[in-house]
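Let's take a walk through this protein model together. Keep the 3D view open as you read, and look up each residue as it comes along.

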Amino acid sequence: MTRREFFARVGGGVVVILVPDELSAQESGRGMNQRMPEQVSAWLHIAEDGSVTVYTGKVEMGQNARSSLTQAAAEELHAPVASIRLIMGDTALTPFDMGTSGSGTTPNMWPQIRKAAAAAREMLIDLASQKWAVDRATITVADGKVRAGNRSAGFGDLTHGEKLARAIPVGLALTPADQWKVAGKPIEKVNGRAIVTGAHAYAYDIQRPGMLYAKVLYPPSFGARLAALDSAAAEAIPGVKVVRQKISGQREAGADLVAALAPDPASAEKALAALHAEWAPAAGQPSSKDVFAYLKRTAQSAASPHLDLAPYTIAYIAHVPLEPRGAVAEWSADGKLMVWTGSQRPFGVRSELAAEFGIPEESVHVIVPDTGSGYGGKHQGDAAVEAAVLAKAAGKPVKRNWTRTEELTWAYFRPGGLVEAGGKVNPDGTLAAWEFHNYNSGPSALQTPYRVAEKYEQYHRTQSPLRQGSYRALAATANHFVRESVMDDLAHGASIDPLEFRFKNLDNQRLRDVLTAAAERFGWKNRKRAPGRGFGLAAGTEKGSYIATCAEIAVDGGAVKVVRVVEAFECGAIVNPEHLANQVEGAVAMGIGGALFEHVDFADGKILSNRLGRYRVPRFADMPVIESVLLDRKDLPSAGAGETPIVGVAPAIANAIFDATGQRIRSLPLVPNGLPALSAARAPA
Amino acid sequence: MARITELEVNGTRRHLDADSDRTLLSVLRDDLSLTGVKYGCGEGQCAACTVLVDGAPAKSCLTKVGTVAGKRIVTIEGLAPAETLHPVQEAFLEADAMQCGWCTPGMILGAVALLASSPNPTDAEIATGLNGHICRCGTYPRIVRAIRLAAKRAAKKGVHA
């Protein structure tokens with residue numbers, strides 16, 4: 001929806017505040033992660049009954065953006081949280097948005113909504129000043145009321161049936177963090193009640209009248225092409241329709257979309273099983289056992305090392321969003337398409353759909369209900385395109401929910417990577433030289449935050465044997481794992497305590513501050529060495545936030561158990577401490593999976609880890625004691641927190657394993673099958 | 001094939017017509033529109049589909065609907081009377097024991113069953129009792145806290161959570 005359409009659509013008797021896009025394209029560069037400036041519009045509407053509606057193209061998928069953005073509006077409007085409603089991720093109702101990713105909601109959208117709300121508040125003061133003929137300075141706004149002397153009005157009482165619009169004035173002052181009353185405080189998760197009662201309808205849960213259920217025939221391996229199809233037995237099942245269509249856009253499973261549709265899921269499932277397909281397999285499909293050699297071999301740039309480098313490997317892993325991809329598509333008689341889907345990019349999915357059918361984007365309406373997580377994994381519209389193609393062929397609404405096996409096979413993965421890295425230390429313990437080559441993981445957080453005069457750092461593009469894409473923190477996890485492992489090696493080589501070694505080579509005060517905070521809470525200096533116990537730490541920065549992680553592990557035979565993790569995090573002024581702590585702790589919990597055991601297993605073009613029984617994710621029993629230490633820098637703008645807290649987990653654990661056993665494990669996951677043949681736990685130093 | 005034409009769900013007799021070998025998960029979600037019951041894996045690995053059958057937790061993705069005829073089924077929608085919350089639901093909200101919420105209905109029902117058999121569980125007992133449940137967002141420690149909170153309140157009131 002455009003601003004003009006929005007203005008035309010909302011009824012009279014309202015205040016409308018429009019955020020001009022031009023003013024918002026101010027995203028600062030982020031080193032290697034720099035992207036195109038994001039358009040970050042937000043609209044705000046106050047109805048005659050005083051209710052406030054905020055419109056944003058961002059989506060909620062567990063990161064609590066719905067709560068934090070509601071707080072942003074409440075803070076500047078001086079209105080109760082409960083009086084504000086957010087419309088999110090709906091391409092027909094909200095302004096355009098590039099997508100909810102890159103920890104971008106807090107630094108980009110959060111200030112926009114504050115500005116919109118502050119401008120609305122100032123406008124209400126103007127209106128009251130005119131209506132009551134009083135000086136602006138005598139007017140206050142609090143608890144959703146405008147007051148002057150003994151006069152008082154609700155927000156909706158001041159507009160007199162007019163439709164008033166205002167752009168955000170340049171130089172509008174926002175409330176400083178140290179004066180926040182609603183922001184910066186914990187609030188109950190907005191929409192939390194709908195979640196605990198099961199009332200919230202996710203995309204996977206949407207039902208439409210006359211809807212058909214779709215079960216899709218997928219190839220038995222990557223690259224296989226459909227040679228022959230006998231659908232007679234499937235079509236003999238009452239109510240079943242077998243659809244065979246070509247997909248014009250890129251599709252991992254190939255252009256042939258074959259599906260069984262039925263009014264009930266059981267018939268569709270039976271029909272899918274009754275389809276007889278012959279496949280022509282593709283030769284030369286990849287296997288996980290030779291993936292890292294493949295990455296090196298297909299590199300588009302070469303490294304000519306200056307130092308001795310150690311090779312590290314990082315496995316492909318899966319996002320495993322607990323709500324799998326899913327979509328419901330419905331065509332109207334006049335050729336318009338409506339799709340409900342769980343996605344981080346509602347407008348991106350709209351573009352995919354418009355391109356698939358060669359129709360204008362305005363003819364496509366994508367709705368993203370609050371989603372059962374994404375972790376970077378829900379950028380593409382695979383399920384939405386399938387549902388829409390099938391709905392068009394069937395002439396009825398179609399529900400296309402992916403199964404867990406489809407999710408673990410045909411979604412994209414976190415890139416695997418090969419990193420070769422090394423460093424040299426001067427006799428005084430300062431870094432003399434540093435070299436770092438990453439093949440395929442990506443460039444995020446590639447550059448060392450440590451002070452070193454001579455450094456060579458390069459990201460090498462390669463071909464990927466598997467479909468790959470963004471994953472929480474992108475390559476910052478791989479790059480921090482390797483950098484902080486090498487730093488640990490260098491510290492031990494120089495016989496310097498790992499914490500002291502980092503301080504010796506670190507100028508960045510924010511990073512030093514989180515290291516200090518984590519080490520203090522953890523008790524790093526007084527850690528008690530014991531056989532079978534290990535302690536490790538790691539630190540880093542990414543996307544404008546700072547992280548330090550300390551881990552304690554216990555080794556029992558070949559088993560590694562993470563006992564305790566302390567993580568200090570600083571992302572500027574804290575927007576909501578409870579939800580921030582939840583993000584930090586959750587990232588630690590999730591990071592333990594990638595650190596210890598998660599990996600995609602594949603051979604000859606087949607994903608072998610294609611069920612939850614074959615792809616292990618962290619459970620209650622894997623949890624250590626997790627403590628977060630949040631540094632609140634009210635003097636700094638708020639940065640996002642959905643990603644960076646995951647990057648320190650793997651290296652802190654790897655360094656703790658080294659501390660306990662003397663083994664330097666240079667691969668993620670570290671111990672998918674327990675510790676490799678172990679002589680004996682190293683005696684404490 | 002045998003058909004199931006009646007189920008007792010959330011205290012109400014519901015009429016339907018389903019093959020008895022269909023999963024309880026699909027019947028609850030697709031036939032009875034009780035979509036608070038979540039699919040997560042279809043193989044009993046994640047417990048997102050947990051419901052209570054005669055008070056005991058059951059993975060509805062592995063339960064044939066034919067086996068629960070005549071039994072009392074409770075889904076998240078029926079855990080507490082309309083417009084009210086069960087103490088465990090309240091505790092989950094208070095402890096912020098969720099992020100995306102997909103695992104939450106199954107987790108809450110699993111917790112209710114755990115507290116029914118073990119009213120004052122230790123952290124280790126909670127972890128063991130609910131280890132079949134996956135929270136991919138990693139809110140496990142908060143879930144443990146929520147369950148302890150619910151247990152503590154129930155003990156104070158002298159009732160089961």
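## Aromatic pairs

Start with the rings. This is a predicted model, and over all chains it has 15 aromatic pairs. Take A:Phe222 and A:Trp410: their rings sit edge-to-face, 5.2 Å centre to centre, with 85 degrees between the planes.

Now find A:Trp331 and A:Phe357. Their ring centres are 4.8 Å apart and the planes meet at 85 degrees, so this pair is edge-to-face. It links distant parts of the chain, with A:Trp331 in strand 15 (residues 326–331) of chain A and A:Phe357 in helix 9 (residues 346–357) of chain A, 26 residues apart. A:Phe357 counts as buried because its relative accessibility is 16%, and the cut-off for buried is under 20%.

## A cluster, and charges over rings

Some rings gather in a group. A:Tyr202, A:Tyr204, B:Tyr39 and B:Trp102 form one aromatic cluster.

A:Arg251 lies over the face of A:Tyr218, 5.2 Å from the ring centre. Likewise, the charged end of A:Arg616 sits over the ring of A:Phe597, at 3.7 Å from its centre.

## A hairpin in chain A

Next, look at strand 2 (residues 43–46) of chain A. A:Trp43 and A:His45 point one way, A:Leu44 and A:Ile46 point the other way, and all are buried. Strand 2 pairs with strand 3 (residues 52–56) of chain A in the antiparallel sense, over four bridges. A:Leu44 has A:Val54 as its bridge partner in strand 3. Five residues lie between the strands of this hairpin, and A:Gly50 takes a positive phi near 90 degrees.

## Where the chains meet

How many residues of chain A are in contact with chain B? There are 55 of them, and they meet 51 residues of chain B. Between them the two chains bury about 4300 Å², 54% of it on carbon and sulfur atoms. In chain A, the residues that lose the most area to chain B are A:Val196, A:Leu322 and A:Phe620, together 20% of what that side buries.

B:Arg22 is worth a stop. You'll find it in the loop between strand 2 (12–19) and helix 1 (24–31) of chain B. B:Arg22 is buried, because its relative accessible area is 10%, below the 20% cut-off. Its side chain makes a polar contact of 2.9 Å with that of B:Asp31. Among the residues B:Arg22 touches are A:Pro265 and A:Ala266 from the other chain. Those two are also among the buried residues of helix 7 (residues 265–274) of chain A, and what covers the buried residues of that helix includes helix 1 of chain B.

Finally, some backbone details. The peptide bond from A:Leu668 to A:Pro669 is cis, with omega near 0 degrees, and A:Pro669 lies in the segment after strand 28 (667–668) of chain A.

A:Asn64 isn't a glycine, yet it has a positive phi of about 70 degrees. A:Asn64 is buried, with a relative accessible area of 3%. B:Ser33 also has a positive phi, near 55 degrees, but B:Ser33 is partly exposed, with a relative accessible area of 41%.

Terms used. Residues are numbered from 1 along each chain as its sequence is written. Chains are lettered from A and ligands numbered from 1 in the order in which they are written. This is a predicted model: local features need pLDDT of at least 70, side-chain atom pairs count only at pLDDT 80 or more; totals for chains, interfaces and linings use all residues. Side-chain values use heavy atoms; hydrogens and water are left out. Buried means under 20% relative accessible area, exposed over 50%, partly exposed in between (1.4 Å probe, protein chains only). A polar contact is a pair of N or O atoms within 3.5 Å; within protein, one must be able to donate a hydrogen and the other to accept it, and residues adjacent in sequence count only if both atoms are side-chain atoms. Contact means heavy atoms within 4.5 Å. Rings of Phe, Tyr and Trp (its six-membered ring) pair if their centres lie within 6.5 Å; planes under 30 degrees apart count as stacked, over 60 as edge-to-face and the rest as tilted. A charge sits over a ring if NZ of Lys or CZ of Arg is within 6 Å of the ring centre and within 35 degrees of the ring normal. Two strands pair if DSSP finds at least two bridges between them. Buried area is the accessible area (1.4 Å probe) that two parts lose on being put together, summed over both. Lists of a residue's contacts leave out its neighbours within four places in sequence.
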